[in-house]
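Here are my notes on the model, point by point. Please keep the structure open while you read.

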Amino acid sequence: MAHLQFVDELVREYLLFRGFASTVKAFENDLKADKDKGFRVDKIVEQIMHYINVSDLNGFKDYWTHLDTLVFTKLEVHVQPAVRKIEYSLYKLYLVIAAQSTGGVRNEKVADFFAKMLPELQGQSEWRDWFMLPYIQKPEENPSFSLYFTRAWQDSVLVSLHNLLATVFQCMPQPTLTSYESDAALVKRLQEEIATLKGKTLQQNEKISPSGHQSRLAQYSERLSGPLPLIDDFSAIPTEHLDSGLREAKGLRGLLRQMGGSPVMGRKSGRSHSQN
């Protein structure tokens with residue numbers, strides 16, 4: 001949905017054109033406080049990581065609740081476990097970064113997390129070992145936690161989050177104003193396909209009527225021209241019958257000469273006798 005920024009500019013331009021100064025001001029304030037970040041996935045991931053890096057658990061929970069209400073709760077039921085798994089992975093990433101803090105801040109941040117999240121996480125088997133984290137001196141060396149302190153695991157969490165958001169935003173129904181760009185691209189693509197089909201049709205027509213056949217037709221018409229006025233009667237003869245038609249025309253010409261002229265010529269001479 002990167003094109004939303006352009007749509008925002010169109011809306012601002014329209015409001016200024018109409019003289020809605022107060023509406024423009026309110027619109028710009030809403031944009032500054034926009035939690036959806038214009039549905040830009042990179043900006044949303046950046047905002048989540050900001051809350052995690054500064055150990056702002058309340059900020060992270062509020063932001064995730066906003067995303068959950070906006071899109072995640074509207075997904076199909078079979079997708080919900082994947083969303084919940086990514087959410088819990090982000091909580092674990094929060095703890096890993098908090099545990100890497102120096103001095104007493106580390107224990108304070110980790111203890112604060114469990115104090116606030118205990119009602120939600122207790123009783124879940126995957127979190128049983130994590131409650132021991134505040135009491136382990138070097139969790140990055142502990143077999144239960146060493147995986148989570150690796151760069152590979154942390155990157156995989158962010159990639160999963162990015163892919164989830166990108167997929168969800170791509171499938172979200174959009175208002176008419178934001179779909180104009182895709183509609184214009186569709187019309188352009190259809191016009192190009194039509195032009196391509198027209199070009200192929202012209203090429204096929206040229207192959208059906210090669211120059212050799214056209215020259216034979218011209219020779220046939222020229223040889224039938226002259227005193228015999230019946231050429232128009234044979235103008236629609238297919239090219240593949242030209243040779244046989246030519247022989248028939250020669251025979252017809254000889255027959256007409258024996259009879260004293262063509263029927264057309266006979267009608268003309270008849271009218272001339274009656275006039276005399």
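Which pattern does the protein chain follow, read along the sequence? The answer is α-α-α-α-α-α-α-α-α-α-α.

1. **Ground rules.** This is a predicted model, in which local features need pLDDT of at least 70, side-chain atom pairs count only at pLDDT 80 or more, and totals for chains, interfaces and linings use all residues. Residues are numbered from 1 along each chain as its sequence is written, and side-chain values use heavy atoms, with hydrogens and water left out.

2. **Overall make-up.** The protein chain holds 11 helices and zero strands. Both are DSSP runs numbered from the N terminus: helices are H or I with at least four residues, strands are E with at least two. The chain has 276 residues, and 28% of them count as buried. Buried means under 20% relative accessible area, exposed means over 50%, and partly exposed lies in between (1.4 Å probe, protein chains only).

3. **Surface and contacts.** The accessible surface of the protein chain is about 18500 Å², with 56% belonging to carbon and sulfur atoms. Areas come from the Shrake-Rupley method with a 1.4 Å probe; for residues, only the protein chains shown count as cover. Take the contacts between residues at least 6 apart in sequence: 61% of them join residues at least 24 apart. Contact here means heavy atoms within 4.5 Å.

4. **The core.** The largest nonpolar core has 47 residues. Such a core is a set of buried Ala, Val, Leu, Ile, Met, Phe, Trp, Tyr and Cys residues joined through side-chain atoms within 4.5 Å. Ile48, Ile52, Trp64, Leu90, Phe113 and Trp130 touch the most other members. Two or more residues each come from helix H3 (41-53), helix H4 (57-70), helix H5 (80-99), helix H6 (104-121) and helix H7 (151-171). H5 gives the most, with 12 residues.

5. **Leucine 90.** Look at this core residue in detail. Not counting residues up to four places away in sequence, leucine 90 touches Ile48, Ile52, Phe60, Trp64, Val157 and Leu161.

6. **Glutamate 87.** The side chain of glutamate 87 makes a polar contact with the side chain of arginine 84, at 2.2 Å. A polar contact is a pair of N or O atoms within 3.5 Å; within protein, one must be able to donate a hydrogen and the other to accept it, and residues adjacent in sequence count only if both atoms are side-chain atoms. Leaving aside neighbours within four places in sequence, glutamate 87 is in contact with Trp64 and Glu120.

7. **Glutamate 120 and lysine 61.** The count of salt bridges comes to nine. A salt bridge is a side-chain nitrogen of Lys or Arg within 4 Å of a carboxyl oxygen of Asp or Glu. One joins the side chains of glutamate 120 and lysine 61 (3.7 Å, N to O). This pair links distant parts of the chain: glutamate 120 is in helix H6, lysine 61 is in helix H4, and they are 59 residues apart. Glutamate 120 is partly exposed, at 30% relative accessible area. Lysine 61 is partly exposed too, at 26%.

8. **Lysine 92 and glutamate 126.** These side chains also meet in a salt bridge (3.1 Å, N to O). Lysine 92 is in helix H5, glutamate 126 is in the loop between H6 and H7, and 34 residues separate them. Lysine 92 is buried, with a relative accessible area of 8%. Glutamate 126 is partly exposed, at 40%.

9. **Lysine 116 and aspartate 112.** Their side chains form a salt bridge (3.5 Å, N to O). Both sit in helix H6; they are four residues apart, so about one helical turn separates them. Lysine 116 is partly exposed at 39%, and aspartate 112 is partly exposed at 30%. Elsewhere, salt bridges that share partners join Glu9, Arg12 and Glu28 into one network.

10. Phenylalanine 17 lies in helix H1 (residues 4-18). Phenylalanine 17 is exposed, with a relative accessible area of 69%. Lysine 25 is in helix H2 (residues 21-32) and is exposed at 57%.
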